[in-house]
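Try each one before reading its solution.

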Amino acid sequence: MKYLLLAVLMLSIAAQADVTRKHSTTSKFMGTNSATTTDYYAGDRSASESSTKWTKGFMKTMTRGKAVESTTIIRLDKELVWTLDPKKGTYQEMTFAEFKEMLEQGMAEMEQAQADEEIEEEAEPGTEDMYEWTTEDVSNPEPKTINGWLCKNAHIVTTGIHKEDPKDKVVISFDTWNSEEVPGTAEIADFQMRYMKAIGLDERVLTPGLLQIAALYQEKMAALIDAVKKAPGEPVQSLIDIQHNRQKGKSVGQAIGEGAAGELAKKVPFGFGKKKDKEPVYEMKTVFSVENELTEATESAVEGAVFEVPEGYKKIEK
């Protein structure tokens, strides 16, 4: 019995271990950006410090191409989220309910902004029931060491062919190298599970844009996520990529110009002859992509101040 109690005590101590993670990420959604993040976990607290630079798209315009520094502190014990702006020395405080509402509103605004920004963009892919799907496992059977951790690969590709237009094709790829050697994986998984349960949102919200994309391909995304579990452990290198082979569109200016030319042709004696319709041109475009790499992982004490609003920061009222 004493050995059982000792084992339980040791597990309890291990579960309280502080964890630090560093990642580098490149993503394409609402533009293209690169980011570096440092995440800290300690029991029922977490903090994430990030620097994100947009290099293309709507968000580059919004940020003027400058790196955006931010810190988010999540306190499960207080059911509060603090969002800090280190450059301005300010912070905002939200309850979990308010934070969930903000995330949902933000996703809706991003979708609208993308629609307003991309006036030359063709329609997004249809829902998954409009396609015939096939899935292929192209995983590399050989393990390899990445950043010091032995990793196994899971690479699953599913392809959808439109039922009415065979040239319309969607390709969804999950390619991940996972390791069971990374310290602190269980602590992070436990924290994220409790956090998602507390705010009532899907874990996919942790990856910007993934929730919206997953809504289009709910069954396929769920199947892919389940399939990549064959490589157990924490992702060290991962890529989620969705491409769509679709018709090239025309800008508003082109459409107006062609319309005006057509009207002019009608008024010219004898006309110019009937213009032959062109065959539609298709091109493969990336509509969503997130590439992530774990660069550092440690299991050591984190200072409590990391999970508090720094002294002197001014609170921004909602």
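**Exercise 1. Overall fold**

Among contacts between residues at least 6 apart in sequence, what percentage join residues at least 24 apart?

Solution. Remember that this model is predicted. Start with the elements: the protein chain has seven helices and 13 strands. Next, take the contacts between residues at least 6 apart in sequence; 68% of them join residues at least 24 apart.

**Exercise 2. Surface and interior**

**Exercise 3. His244**

Is His244 buried or exposed?

Solution. Locate His244 in strand E11, which spans residues 234-247. Its relative accessible area is 2%. Buried means under 20%. Therefore His244 counts as buried. Now look for a partner: the side chain of His244 makes a polar contact of 2.7 Å with that of Asp168.

**Exercise 4. Aromatic rings**

Classify the pair formed by Tyr131 and Trp133.

Solution. The structure holds four aromatic pairs. One of them joins Tyr131 and Trp133, with 5.8 Å centre to centre and 50° between the planes. Stacked needs under 30 degrees and edge-to-face over 60. So the 50° pair is tilted. Both Tyr131 and Trp133 are buried.

Which residues form one aromatic cluster? They are Tyr41, Phe96, Phe191 and Tyr195.

**Exercise 5. A charge over a ring**

Which ring does the charged end of Lys144 sit over?

Solution. Find the charged end of Lys144. It sits over the ring of Trp177, 4.5 Å from the ring centre.

Terms used
Residues are numbered from 1 along each chain as its sequence is written. This is a predicted model: local features need pLDDT of at least 70, side-chain atom pairs count only at pLDDT 80 or more; totals for chains, interfaces and linings use all residues. Side-chain values use heavy atoms; hydrogens and water are left out. Helices (H or I, at least four residues) and strands (E, at least two) are DSSP runs, numbered from the N terminus. Buried means under 20% relative accessible area, exposed over 50%, partly exposed in between (1.4 Å probe, protein chains only). A polar contact is a pair of N or O atoms within 3.5 Å; within protein, one must be able to donate a hydrogen and the other to accept it, and residues adjacent in sequence count only if both atoms are side-chain atoms. Contact means heavy atoms within 4.5 Å. Rings of Phe, Tyr and Trp (its six-membered ring) pair if their centres lie within 6.5 Å; planes under 30 degrees apart count as stacked, over 60 as edge-to-face and the rest as tilted. A charge sits over a ring if NZ of Lys or CZ of Arg is within 6 Å of the ring centre and within 35 degrees of the ring normal.
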